[in-house]
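Have a look at the fold before reading on.

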Amino acid sequence: MRIELPEKAAYIIQELERHGYEAYAVGGCVRDSVLGRVPQDWDITTSARPGEVKAIFGHTIDTGIAHGTVTVMVDHEGFEVTTYRIDGEYEDARHPKEVIFTPLLREDLRRRDFTINAMAYNDADGLVDLFGGLSDLRQGVIRCVGDPAERFTEDALRMLRAVRFAAQLDFQMERRTKEAIRTLSGNLARVSAERIQAELVKLLVSDHPEQIALAYETGLTEVFLPEFDEMMRTEQNNPHHCYTVGEHTIKALTGVPADKVLRLAVLLHDVAKPLCRSVDAQGVDHFYGHPERGSELAGQILRRLKYDNDTTGRVRALIRWHDDNPPLTDRAVRRAISRIGTEQYPGLFAVKRADLLAQSDYQRAEKLAYLSSYEAAWNRIMEQDECLTIKQLAVNGQDLIAAGMRPGKEIGEMLKRLLEIVLDAPEKNTREQLLTFVMNENPFTYDE
Ligand code: ATP
Ligand code: MG
C-alpha cells in the first residue's frame with residue numbers, strides 16, 4: 001500500500017530518519033488517505049524525544065511538550081510531531097496522569113483508540129498495521145484496539161468518538177465495542193462539557209448525523225442530552241406526524257445542510273415538545289408554545305454544553321421561529337422578517353424545509369408550496385432592498401433631533417413607529433415623508 005505523503009510531511013520524516021530516528025505519518029491522516037479522503041492534517045509520530053526534534057528543525061513551537069508534541073514549521077505550515085508514548089495510568093476516565101515515552105512504535109499504536117486510527121505509514125516501511133486497521137477500514141468497522149471495556153474505562157470520551165467516527169465514515173460499530181459502551185456509557189458524565197461538545201459537533205455536521213441514534217441506543221445521550229431521550233419517548237398522535245419527536249428529529253437532521261448552527265437547531269427544534277404536550281377531547285396531541293419554550297430550553301442545554309453565545313443565540317432564534325408561518329402578503333412577510341431578523345434567513349427556510357419533510361405526508365404539497373412562496377417573497381424583498389430595520393430607515397435619531405425632537409427614549413419609540421409605517425408601505429421610506437409624519441404626529445415635543 002502506497003500513500004502519497006505531502007512534500008513537507010515527507011521532508012520532516014526524512015530529516016528525522018537522516019538523524020537516526022524512526023518517523024511515520026500516523027492516525028487520522030493514514031486512515032483518511034487509505035479511504036481516499038483528504039486528511040485535515042498530517043500528524044507525525046517519532047522515536048525522537050521532543051528536545052531532539054527541536055534540535056533538528058529550525059523553527060518549532062512547543063505545542064504540548066509534556067505530552068511529547070512539538071509543532072514543526074515548514075514554510076509557515078505546522079506539523080505536529082509527537083514522540084512515541086504510552087499513556088500512563090488514567091486518573092479520572094479523562095486524562096492520563098502522565099505520559100511515558102517509549103522507543104517502540106508498537107506501544108504508541110497500541111494506546112490509540114480504534115484500529116482504523118492506529119496505523120502508521122512511511123515510504124520505507126509502507127503501512128504499519130498491527131491491529132487489523134486496514135481490514136476494519138475495508139469492512140467499515142469501528143473497533144477498539146484491545147479490550148473495549150478497558151479502553152473506555154481509561155478514557156470515557158472514546159465512547160462518543162466511536163459514534164462520531166461511525167457518523168463521519170458511515171461505519172458499523174463492532175459488537176463488543178458497542179456492548180462495552182452500553183455498559184460504560186454512564187462514565188461519560190466525568191468528561192468535560194467542552195470535549196463532549198467538540199465530538200457532538202463533529203457527529204452533527206458529518207454525512208450521517210442520523211447516527212445520533214447510535215448515541216441514544218448505547219446510552220450516551222442519556223448522559224449529555226437526556227432531553228433527547230425524552231424526545232425519543234414522546235409520541236405525536238397528530239395528523240402532521242408519523243414518528244415520535246425523537247425519530248422525527250433524526251429524520252429532519254439528514255434534511256438540513258451540514259452546518260453547525262443549522263444541525264444544532266434541527267436537533268433541538270422540538271426539544272420542548274415533551275414538556276408542552278397536551279391531548280384534546282378527540283385524543284389528538286398538541287404542543288402549544290413549544291417553539292418559545294424550546295428556545296429557552298435550548299439556551300440552557302447549549303450553555304451546559306459550553307457553546308459560545310453567538311452559536312447559542314443563532315440556534316435559539318431558529319428554534320423560536322421554526323413554526324412561524326406568516327400570511328403570504330408582502331406586508332406580512334416584511335413584518336415577519338423584521339421581527340425574526342434578516343440574519344436568520346435563509347437558514348430558517350432550510351430548517352423549516354427539513355422539519356416539513358420529516359413529517360407525515362398530510363398536506364405535504366400545500367406545506368411545500370407555502371414554503372416556496374414564503375421564500376420567493378423573501379427573495380423579492382431582499383432583491384429590492386426594502387427597509388426592514390430601523391437602521392435602513394431614511395432618517396435616524398440625529399435627524400429627529402435636528403428636526404426638533406428632544407433627545408431621549410421618545411426618539412427610539414418614534415423610529416419604531418416609522419419602521420411600522422415603512423414595513424406597511426416601503427415607498428414611504430423617504431426623508432421628506434418620514435419627517436413630515438414626525439412633525440404632524442408630535443407637535444408638542446418641539447421646543448420652538
Ligand atoms: P480528525 O479527522 O477528526 O482529526 P483524527 O483521527 O485525526 O480525526 P484526532 O482527535 O485528531 O482524530 O486524534 C489523532 C489521533 O490520536 C487519532 O487518530 C488516534 O490515533 C489518537 N487519539 C485521539 N484521541 C484519542 C483518545 N481519546 N484515545 C486514544 N487515542 C486517541
Ligand atoms: Mg486529527
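## Ground rules

This is a predicted model, where local features need pLDDT of at least 70, side-chain atom pairs count only at pLDDT 80 or more, and totals for chains, interfaces and linings use all residues. Residues are numbered from 1 along each chain as its sequence is written, chains are lettered from A and ligands numbered from 1 in the order written, and side-chain values use heavy atoms, leaving out hydrogens and water.

## Domains

The chain is assigned domain 1 (7–138), domain 2 (140–224), domain 3 (225–386) and domain 4 (390–445); such bounds come from an automatic or database domain assignment. The centres of domain 2 and domain 4, taken over C-alpha atoms, sit 57 Å apart.

## Salt bridges

There are 38 salt bridges, each a side-chain nitrogen of Lys or Arg within 4 Å of a carboxyl oxygen of Asp or Glu. Take Arg18 and Glu15, paired at 3.0 Å, N to O. Arg18 is exposed, at 61% relative accessible area, while Glu15 is buried, at 15% (buried is under 20%, exposed over 50%, partly exposed in between, with a 1.4 Å probe and protein chains only).

Arg331 bridges to Asp424, with the closest N and O atoms 3.0 Å apart. Arg331 lies in helix α18 and Asp424 in helix α22 (residues 409–424), so this pair ties together parts 93 residues apart in sequence. Helices are DSSP runs (H or I, at least four residues), numbered from the N terminus.

Definitions and conventions
Helix = DSSP H or I, 4+ residues; strand = E, 2+ residues; numbered from the N terminus.
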